[in-house]
Every structure is written in C-alpha cells, then in structure tokens.
Amino acid sequence: MKSKSFSWINNHLNFFMIAILLLWIKTYVAYNLEFSLGIENSMQKFLLFLNPASSIILFLGLALFFKGKKAFKWMIIIDFLLSFYLYANIVYYRFYTDFITLPTLTQTSNVGDLGQSILALISPNDILYFVDTIILFLLVVTKVIKPTTVKVKMRSRVIILTAAVALFAVNLGLSEMDRPQLLKRTFDRNYIVKYLGMYNFAIYDAIQSTGASAQRAMADTDDITEVTNYTNAMYAEPNPKYFGAAEGKNVIYIHLESIQNFIIDYKLNGEEVTPFLNSLSKDQNTFYFDNFFHQTGQGKTADAEFMLENSLFGLPQGAAFSTKGRNTYQAQPAILGQLGYTSAVFHGNTRSFWNRDEIYKSFGFDKFFDLTHYTAEENEVVNYGLLDKPFFKQSMPMLESLSQPFYAKFITVTNHFPFPLAQELATIEPHTTGDTSVDNYFQTVRYADEALKEFFDYLKESGLYDNTMIVMYGDHYGISESHKKAMSTVLGTEVGDFENAQLQRVPLFIHIPGVEGGNMHQYGGQIDLLPTVLHLLGVDTKGYVQLGSDLFSKDHQTIVPFRNGDFVTDKVTALNGKYYDTATGEQLEANEEIKQNEKIVQMKLKMSDKIVNQDLLRFYTPEGFEPVDPSDYDYTNRSASSNEEQNTK
C-alpha cells in the first residue's frame, strides 16, 4: 500500500522533477539566509529566484542518460555534489564574504591548519542543507519507490537539456538588462552569483580560470611595453624631505594579523585595548597612517604579502602565492639584496603554508625561518602556528645572526579568526556583544599588542633598535561583514555597507629612530607601501613595474582600489555601483570625476592581472637589476628536520 502511494515517483521524469524542486527551493533559501548579495529591485529579486533553475536542470538532466536505478542513483549523487558545493560556499562566505573559486581549491594544503576556524563557522543546523539529498536517498534505499527499468527517450533528454540552455539565455538576457556588460565587469563575484546563480558561477569560474592559465603562453614583449608605458606615466616623484631618510638602516616588517584600525585608541570598559600601538601612534619618531586600507582578495594574508613585496594586486580569483609561485618577480628582497641587504622571513608555521617555501624563492628571500626553527610547546601553538610572545622571543637569536643591513619580515598569527586564547594568557576581559568571535577579538589583539612591546624591548636590548626602520601594517580585516550587528554594538553606531567599507582601514606604522614622524592622513593602501619604503631607503623606483605610489610623494594618487573594483578616496566611497560621501556617508550621484576614478581603478586592476597572469616581468629587467634565480635558494632546516613532525603537531 505504501509503495503504491509513491508509485508515481517510480517514473524517472517525476523523480527528476522532485529533485529539481527540492534543490531549487534549498538554494533560494540559502541565498536569502547566508549571502549578502545586495538585492535592490524587483528584477533582481526575480532573477535570484530564477537563476538556480537552469544549472540544476542541466546537471541533474545528465543522470537521465542512464536507465533504471542507475539514473536515480546519479540524480542523488549529482544532488549531493551540488549541495556540497553550495554548503562549502556557505561556510567559506561566513568568514571571507566571498565565493569559492577554482584557484582557491588549489589552496587545500592550507586546510590542515585551519581546523578551529572551520569548526567555528559550522552550525548543527547546517545539516538541513542536505535534507533533500537525504530524502531522495532514503526513498531509493528503503525501496519506497521502485524505479522502472526503461530509459528516458532521447527526445525527452534533448528537450530537457535544451530547456536548461534556453532558461539560462533568458536569465542572462534579463541580467544584462539590469546590469549591462555583466560578464565583462567581473571583479565582484557577488554580481555573478546574484544574477546568474551559484552553480552557473562555478561554470563561469572554470572558464575564466582556464583562460587565465592559458594567458602566459600567448604573452610577448609587446604586452610588457604597454605595461611599462603605463607604470612610467603613473610614477610619483619622491618627496625630497623623506627620500633617503632611512638610508642604510635595517628594515623590519611586522605583519599585524587581522588588526583593523578601529582598535587603535579603542577603550573597553575604560581600558585601552592596545596601549602599546596607541603609544606608537603618538611617538615622535613614528609615522602613523590612519587612512590606510587593506586591498586583499581571496588570498587575504598571502595577498597582503604579495602587494607589499611587489606593488602588484592579488588575483581576482585564488591567490598568486599558490598559483603563480614560479613567476618572475622584482620584489623588495631582491631589490634590497642587490644593494647589500640580507633578507629573511620569520613565521611560526609550516613553510609550505600558502606555498611560501616556493614563492619566497622567486621573491629572492635569502632565509626563511619557519616552525622547524622554533621550539613549540603544546600550550604555545594555535591553529596557525606559534603564539606571538614565544615567537618573537625565540626569533631574536636568529635575527641577531643576520648580516647587516638586513630586511626581515615577521608574520604574527595569534590574532587570527576565530581568536582563541587560553584564559590564563588573557589580560583583558572579552567584549559583551554576544558574538563570540567579536568578543574574543579584543583579548587576542591585547595579547598581540603586548607581544609587540616585548619585541621592541628585545630590539633595544640587542642594540639593533637605533639603526632599524620598523614597518608595521594590518594585513586584512579580522571581523568580517557577517558580524555587522556585533560591530554596531562595538562602535556604538549602526554598521551598514558604507560603515563596513570604512572598517577596511588597517593601521600602518613606519618607525624610524632619529626621524621626526607624525600622524599622516593621506589615503593609501597596501599597494603603495613598496615604493614608499624604497624611497625612504633612498632607492628610486623609477623604471620598476609598480602599481602603487609613494605615500609621502606630492604626486601620490589617493584613489584606493579594492580587489572587487570598488574604491575609496578622501571624497568618495564607491560600493557595488553606489557612491557615498566618504566624510558623511551621504549617498551621491555619479559625476565625471567619479566615472574617471572608476576607469583608473579598472585600468590598474587590469594591468596588474595582465602582469601576473601573463608573467610579463620575464620580458623586462629594470636597469641595474639582476633577475632572480629561484634555484639559488634552499630553506630546508636540515638540523631540525628530525623535529619537524613534532613541531607541526
């Protein structure tokens, strides 16, 4: 009796329709619950509902090429794969507010170090995103339905696949009406998903990624000529007041993991969260930039490093660290190395994380002190490596062993999502927003601040301090836009899209003993740091292919592009096709200046992608620069190789 009541599903096409309906509804619900896609009008609402249909019909329709029970099994398998892809994007979006792309899948070697972060993003209710697959599976394995042995007629299969293509064409046509040149303006993946859907985006991304990989083979010297003409025209003359101000000094970069500028001078229950960084912002020998923005994309930390070393943007999809590690670069360690500097990176994590052990060779780093060079006690390790205090303490003997002048970069990890910290190490109470990640952020930031003070003390004790320029920068946001409600409590004001864009400021400190500093208010971003630092060292960047400009230069361009094509200036903040007064948040109408700024941003991003995807620097060598040979470098710590496995546990 039970099987008779379900007998109508025994037909392949009926089962197929049920599978489509369940997956379609689930996807639409996920769009609304999990993603901030910026739906603005009734057309976009309709397209959001419509866009899953064509790809679901197409993919599930492939199962109809099998007959009998096999067709049902393949529908369940395809349904599961699409569900898994949807859910993977949900988890990824909860932190990165972005979508998974094909190049990011090459970064799976990083996943082993991300366990606690991933667990913090998963909810028990997430099982509901697989409920349709479970229903279909149970219907078949319990034999509630008994598939017929016939095969769907070829005519029916062709009609179904044709319907999928036709539906996509309608979807694309309506999308182009609302957003002209949609597929040509693709720096923002939100647009593609909003208009064409999650599953169609996967197809589009695969095509784009394949095309990007093929670009290198087609490049020639004409391409680099276009680039050098552009960068020469964009060159900003150094400011004579600061050019060479730090000439001959050692250089230390400190990568302030996830530290955003709002935390500077922030008080929690009347107590300064970052007393040491606050003191530096007022230090007479420190330049503190309070309108400095991170410009990272999917690579986050790796993108920040890539920009700071090369003055090139990260890629629109994935991370250049992972996919372009063997490109030709003219990076800061190589430039300084040819001027007599020894270069080194200190990082209390495994050397292969973000492919650092390969791309650092292409940058020309002489040494890489990874986790194998440190003694890591069990209570001193978090997901991403050694806690900051033991990391800095143990780094000092290695730093002192470097020949001077040196360029050394320290990558900290304690203040990383989801901001776990043993309470015996915490010296400030968490916030009380009710959002665990946001609340814990204040404790890990305080720990990082204390570690920095200790490191400055070590430098003074070692005698290195007076002859060293110290550059400290936030690498990317720590608290994503998924936490707007909690951040509204933190800041005491409603945080919307405009306010969140302003929260992308990260601190930049340039500390030069003996040089008068001050608070600097010019707008800039990570792309600008390389020419700024080189000019402070007395190295003219004219002739180098760099897309940033010296922050101290009178010719510095104050348009700060973001990786998705948005931008901010001291006057205008551009977000998702809307424009706001940067000072007041008042919405503005587009004018000629804004349109011109948009063209500048698009050109910069286009040029950067051209340089990186086509590996164009292999065709060009600046005068006086020697190309880097990666085979000259070996980061293996042979003396500690037997302890490597123990250290990485």
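How many helices and strands does the protein chain have? I looked this up before anything else. The model is predicted, and its protein chain has 23 helices and 19 strands.

**Entry: the whole chain**

I checked the overall dimensions next. The C-alpha trace of the protein chain spans about 90 × 55 × 50 Å along its principal axes.

**Entry: helices α2 and α3**

I then turned to a pair of helices. Helix α2 covers residues 12-34 and helix α3 covers residues 42-50. Their axes come within 9 Å and cross at roughly 135°. Angles over 145 degrees would count as roughly antiparallel and 65 to 115 as roughly perpendicular, so α2 is oblique to α3. From α2, the contact is made by Trp24, Tyr28, Tyr31 and Asn32; from α3, by Leu48, Phe49 and Leu50. I sorted the residues of this contact by kind and got 6 nonpolar, 1 polar and no charged.

**Entry: Phe66**

I looked up Phe66, which is found in the loop between α4 (52-61) and α5 (69-96). Leaving out residues up to four places away in sequence, Phe66 touches Ala71, Trp74 and Lys151. I also took the C-alpha to C-alpha distance from Phe66 to Ser281: the two are 68 Å apart in space and 215 residues apart in sequence.

**Entry: helix α21**

Which residues of α21 are buried? I listed Leu529, Leu530, Pro531, Thr532, Val533, Leu534, His535 and Leu536. That is 8 of the 8 residues of the helix (residues 529-536), so α21 is largely enclosed by the rest of the structure. I looked for what the buried residues of α21 pack against, and found helices α13 (301-310) and α15 (332-337), along with strands β1 (250-256), β11 (468-474), β12 (508-511) and β14 (524-525). Just after α21, Gly538 takes a positive phi of about 85°.

**Entry: cis peptide bonds**

The bond from Gln404 to Pro405 is cis, with omega near 0°. Pro405 lies in the loop between α17 (388-400) and β10 (406-411). The bond from Phe417 to Pro418 is also cis, with omega near 5°. I placed Pro418 in the loop between β10 and α18 (436-462).

Where is Lys300 found? I located Lys300 in the loop between β5 (292-293) and α13. Its phi is near 45°, a positive value in a residue other than glycine. Lys300 has 7% relative accessibility, and the limit for buried is under 20%, so Lys300 counts as buried.

Asn576 is not a glycine either, and has a positive phi of about 50°. I found Asn576 in the loop between β17 (572-575) and β18 (578-581). With a relative accessible area of 32%, Asn576 is partly exposed.

Terms used: Residues are numbered from 1 along each chain as its sequence is written. This is a predicted model: local features need pLDDT of at least 70, side-chain atom pairs count only at pLDDT 80 or more; totals for chains, interfaces and linings use all residues. Side-chain values use heavy atoms; hydrogens and water are left out. Axes are lines fitted to C-alpha atoms, for helices over the stretch in contact, and angles run from 0 to 180 degrees between N-to-C directions. Helices (H or I, at least four residues) and strands (E, at least two) are DSSP runs, numbered from the N terminus. Angles under 35 degrees count as roughly parallel, over 145 as roughly antiparallel, 65 to 115 as roughly perpendicular and the rest as oblique. Contact means heavy atoms within 4.5 Å. Ala, Val, Leu, Ile, Met, Phe, Trp, Tyr, Cys and Pro count as nonpolar, Asp, Glu, Lys and Arg as charged, and the others, Gly among them, as polar. Buried means under 20% relative accessible area, exposed over 50%, partly exposed in between (1.4 Å probe, protein chains only).
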